[in-house]
Amino acid sequence: MKKTLLALLTGTLLSTGISHAQNAVKRYNVSYSGGTYTPLANATDLGFTGNWTDTVSDYLPFPIPFKYQNTTVNTFAIHHTGSIYLNGIESDYTYLGQIGGINLRYEGRGRGKVQYATTGTTGNRIFKIEFSNVSWVGDNAGTVTLNFQVWMYESDNAIEYRAGYSNVADTMFALTATQGLEEGKEATACARLGNT
């Protein structure tokens, strides 16, 4: 009986160790909550104008101490798709170079803005980026309004997404690859690359 129990215990520990060794390192955990969306106040407008296709802001100094995937972030730029490029790297396929916002191909339609602000006090600041009252290229009528923010926390390098008002029915967006490819629904993603 002792040998059988010892063999089971050893087998369990080995399988747990092997399973753990094969798992990727995750630096971020995911949680969800609800609350009130508040538009940014006293924010700096990046001045995106006209057709936003392929529009990327200039690189600016990152305003707070912050690490992404354990790499210090020194500069940022914002792409019209909601992506935040970091440290001069402009690639959707670079794990350390991008935080994906709520990715669509956004347009301003004369009312939308991309803006940013820093709130809080040293040690507890939050750097916030907002896509405010934007539309997207699939909006043929020009009536869509979408709002979202990405918050980056100085205290613990957390990243938070906040979705605000939208007059788009959820049924417009693909929940599966089939819906995007075969049914023509709009695909969107919200991601931190390299953190599967």
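Before I go on, two remarks on the source. This is a predicted model, in which local features need pLDDT of at least 70, side-chain atom pairs count only at pLDDT 80 or more, and totals for chains, interfaces and linings use all residues. Residues are numbered from 1 along each chain as its sequence is written, and side-chain values use heavy atoms, with hydrogens and water left out.

Now the overall layout. The protein chain has two helices and 13 strands. Both are DSSP runs, numbered from the N terminus: helices are H or I with at least four residues, strands are E with at least two. Of the 196 residues in the protein chain, 36% are buried. Buried means under 20% relative accessible area, exposed means over 50%, and partly exposed is in between, with a 1.4 Å probe and protein chains only. As for contacts, meaning heavy atoms within 4.5 Å, take those in the protein chain with a separation of 6 or more: residues 24 or more positions apart account for 56% of them.

Next, strand S10, residues 126-136. Ten of the eleven residues in S10 are buried, so this strand is mostly covered. Two strands pair if DSSP finds at least two bridges between them. Which way do S9 and S10 run, parallel or antiparallel? S9 and S10 pair in the antiparallel sense, over seven bridges. One of the residue pairs to look at is Lys-113, whose bridge partner in S10 is Ser-132. The hairpin of S9 and S10 has six residues between the strands, and Gly-120 there takes a positive phi near 95°.

S10 is also joined to S11 by seven bridges, and these two strands run antiparallel. Lys-128 has Trp-151 as its bridge partner in S11. Strand S8, residues 106-107, is antiparallel to S10 as well, with two bridges. Tyr-106 has its bridge partner in S10 at Trp-136.

On to the core. A nonpolar core is a set of buried Ala, Val, Leu, Ile, Met, Phe, Trp, Tyr and Cys residues joined through side-chain atoms within 4.5 Å. The largest one holds 29 residues, and those touching the most other members are Phe-62, Phe-66, Phe-76, Ile-129, Phe-131 and Met-152. S5, S6, S9, S10 and S11 each supply at least two residues of this core. S10 gives the most, with five residues. As a general point, nonpolar side chains in soluble globular proteins tend to be buried together.

What does Ile-129 touch, leaving aside its neighbours within four places in sequence? Its contacts include Leu-40, Phe-76, Ile-78, Ile-84, Tyr-116, Phe-148, Val-150 and Met-152, and also Gln-115 and Gln-149.

Two other positions are worth a look. Leu-86 is in strand S6, residues 84-86, and is buried, with a relative accessible area of 1%. Leu-86 and Phe-76 are ten residues apart in sequence, and their C-alpha atoms are 4.6 Å apart. Asn-74 is in the loop between S4 and S5. Not counting residues up to four places away in sequence, Asn-74 touches Leu-60, Pro-61, Phe-62 and Asn-87. Its C-alpha is 5.9 Å from that of Pro-61, which is 13 residues away along the chain.

Last, the charged pairs. How many salt bridges does a search of the whole structure find? The search finds three, where a salt bridge is a side-chain nitrogen of Lys or Arg within 4 Å of a carboxyl oxygen of Asp or Glu.

Glu-107 and Arg-109 form one of them, at 2.8 Å from N to O. Glu-107 is buried at 13% relative accessible area, while Arg-109 is partly exposed at 32%. Glu-160 and Arg-162 form another, with the closest N and O atoms 2.6 Å apart. Glu-160 is partly exposed at 23%, and Arg-162 is partly exposed at 27%.

Glu-154 and Arg-125 also meet in a salt bridge, at 2.9 Å from N to O. Glu-154 lies in the loop between S11 and S12 and Arg-125 in the loop between S9 and S10, so this pair ties together parts that are 29 residues apart in sequence. Glu-154 counts as buried, at 13% relative accessibility.
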